[in-house]
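My entries follow in the order I made them.

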Amino acid sequence: MFNLFKKKGHVLGAPAKGKAVPLSEVNDPTFAEEMLGKGAAVIPSEGKIYAPADGEIGMVFDTLHAVSMVTDFGAEVLIHVGLDTVKMNGEGFTGHVKAGDHVKKGDLLLEVDLEKVKAAGYDIITPVLVCNTPDYKSVENVGTKDVAAGDDLVIME
């Protein structure tokens, strides 16, 4: 009876402050159609991208627009800052981690100049994907709401 409020499964936090939205609202079929995995997205209101869980950084893309990590509970996570931002070649992005680093939930991974991204004509929406979705019974997003960095974003069982 008292387990009603106990969280089940594993949780990924929002990587940034902003508005959480379902992947279906991402204007790119690779994300919206969940080709790389299920998850959620955040439309960031601040340019700081944080670790959504404890884990190890797998890769920081040379262009600093995306980071992959494996959480301590085994989720393979991709955080992709903006759409087509790879074309910015790292302009406006600052990395704070490298492959092999162990991070704690809330550690700063990247900084991005959101105004520079917008001025270059790119969408700032930031998908967070669980690339090994089939390893879980369910991968659900929290829906549409305002989030602070670290707030629950994706729940996996």
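Entry 1: I began with Glu115 and Lys118, which both lie in helix H2 (residues 114-119), three residues apart, about one turn of the helix. Helices here are DSSP runs of H or I with at least four residues, strands are runs of E with at least two, and both are numbered from the N terminus. Glu115 and Lys118 form a salt bridge, with the closest N and O atoms 3.4 Å apart. I use the term for a side-chain nitrogen of Lys or Arg within 4 Å of a carboxyl oxygen of Asp or Glu. Glu115 is exposed at a relative accessible area of 52%. Lys118 has 44% and counts as partly exposed. My cut-offs are under 20% relative accessible area for buried, over 50% for exposed and partly exposed in between, with a 1.4 Å probe and protein chains only.

**Entry 2: ground rules.** The model is predicted, so I noted that local features need pLDDT of at least 70 and side-chain atom pairs pLDDT 80 or more, while totals for chains, interfaces and linings use all residues. Residues are numbered from 1 along each chain as its sequence is written, and side-chain values use heavy atoms, without hydrogens and water.

**Entry 3: the other charge pairs.** How many salt bridges does the rule give? The count comes to seven. Side chains of opposite charge can pair when their charged atoms come close. I looked up Lys17 and Glu46, whose closest N and O atoms are 4.0 Å apart in a salt bridge. This pair links distant parts of the chain, 29 residues apart. Lys17 sits in the loop between strand E1 (10-13) and strand E2 (18-21). Glu46 sits in the loop between strand E3 (38-44) and strand E4 (48-50). Both count as partly exposed, Lys17 at 41% relative accessibility and Glu46 at 38%. I also checked Lys98 and Asp101, whose side chains meet in a salt bridge at 3.0 Å, N to O. Lys98 is exposed, with a relative accessible area of 54%.

**Entry 4: the open sheet.** Next I traced an open sheet of three strands, in the order E1-E14-E12, with antiparallel pairing. Its edge strands are E1 and strand E12 (139-141), each pairing on one side only. Neighbouring strands of this sheet are turned by 25° against each other on average, direction ignored. For such angles, axes are lines fitted to C-alpha atoms, for helices over the stretch in contact, and angles run from 0 to 180 degrees between N-to-C directions. Four bridges join E1 to strand E14 (residues 152-156). Two strands pair if DSSP finds at least two bridges between them. His10 stands opposite Met156 in E14.

**Entry 5: Ala148.** I found Ala148 in the loop between strand E13 (145-147) and E14. Ala148 is partly exposed, with a relative accessible area of 35%. Leaving out residues up to four places away in sequence, Ala148 touches Ala14, Ala16 and Lys17. Contact means heavy atoms within 4.5 Å. Val117 is 31 residues from Ala148 along the chain, and their C-alpha atoms are separated by 21 Å.

**Entry 6: strand E11.** Is E11 enclosed or open? Five of the five residues of strand E11 (residues 126-130) are buried, so the strand is largely enclosed by the rest of the structure. In a regular strand the side chains alternate between the two faces of the sheet. Both faces of E11 are covered, with Thr126, Val128 and Val130 on one side and Pro127 and Leu129 on the other. E3 and E11 pair in the antiparallel sense over five bridges, and Val42 stands opposite Thr126 in E11. Strand E7 (residues 76-80) also runs antiparallel to E11, joined by three bridges. There, Val130 is the bridge partner of Val77.

**Entry 7: Thr126.** Thr126 counts as buried at 1% relative accessibility. Its side chain reaches the backbone oxygen of Ile124 at 3.0 Å. Not counting residues up to four places away in sequence, the residues Thr126 touches include Ala40, Ala41, Pro44 and Ile79.

**Entry 8: whole chain.** I closed with totals. The protein chain has two helices and 14 strands. Buried residues make up 45% of its 157 residues. Residues 24 or more positions apart account for 70% of the contacts with a separation of 6 or more. The C-alpha trace spans about 55 × 30 × 25 Å along its principal axes.

Methods:
A polar contact is a pair of N or O atoms within 3.5 Å; within protein, one must be able to donate a hydrogen and the other to accept it, and residues adjacent in sequence count only if both atoms are side-chain atoms.
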